[in-house]
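I opened this notebook to record strand pairing and backbone angles. The entries follow the order in which I looked things up.

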Amino acid sequence: QVQVVESGGGLVQPGGSLRLSCVASGSIFSIYAMGWYRQGSGKQRELVARTISGGDTMYADSVKGRFTISRDTAKNTVYLQMNSLKPEDTAVYYCYADLVLNSGEIPYDYWGQGTQVTVSS
């Protein structure tokens, strides 16, 4: 059984930092991409950052220069370092992983349960 599990959310003051972690576990042949989405109250889910095999990364304009995504391939883990946090970063952050479970198959998205990040004084 494949699982994607996030950790590291919490309450932080404006200007502070948090680091989110996400690990994909189970019978996985390969990982094409991992990344983070977020959904604020009353808002649509939006892509925050992602990294694909080979190391390419992309970020939403709203987080460029403040957030950094990194990946530990050996541990099937992706991290999101969030600095200079703003109240508008408050949201549930969801990790996803594009996983290939068997050789020759196409990647399929697996999602974590989400972790709350609240930026408030």
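The model is a predicted one.

Entry: I looked up Ser-84 and found a positive phi of about 50 degrees, although Ser-84 is not a glycine. Ser-84 sits in the loop between E8 and E9. Its relative accessible area is 39%, and because that value falls between the two cut-offs, I noted Ser-84 as partly exposed.

I then went to Asn-76, another residue other than glycine, where phi is positive and near 50 degrees. Asn-76 belongs to the loop between E7 and E8. Is Asn-76 exposed or partly exposed? With a relative accessibility of 24%, Asn-76 counts as partly exposed.

**Entry: the open sheet.** I traced a sheet of four strands and wrote down their order as E1-E3-E8-E7. The sheet is open and its pairing is antiparallel. Which strands stand at the edges? They are E1 (3-7) and E7 (67-72); each has a single partner strand, so one side of each has no neighbour in the sheet.

Next I took the pair E3 and E8. E3 covers residues 18-25 and E8 covers residues 77-82; the two run antiparallel and are joined by six bridges. For Cys-22 I looked up the bridge partner in E8, and it is Val-78.

**Entry: the pairings of E4.** I looked up E4 (residues 30-39) against E9 (residues 91-100). How many bridges does this pairing span? The two strands pair in the antiparallel sense over nine bridges. Opposite Gln-39 I found Val-92 in E9.

E4 also pairs with E5 (residues 46-52), again in the antiparallel sense, over six bridges. Here Arg-38 has Glu-46 of E5 opposite.

I finished with the hairpin of E4 and E5. Six residues lie between its strands, and within this hairpin Gly-42 takes a positive phi near 75 degrees.

Methods:
Residues are numbered from 1 along each chain as its sequence is written. This is a predicted model: local features need pLDDT of at least 70, side-chain atom pairs count only at pLDDT 80 or more; totals for chains, interfaces and linings use all residues. Side-chain values use heavy atoms; hydrogens and water are left out. Two strands pair if DSSP finds at least two bridges between them. Buried means under 20% relative accessible area, exposed over 50%, partly exposed in between (1.4 Å probe, protein chains only).
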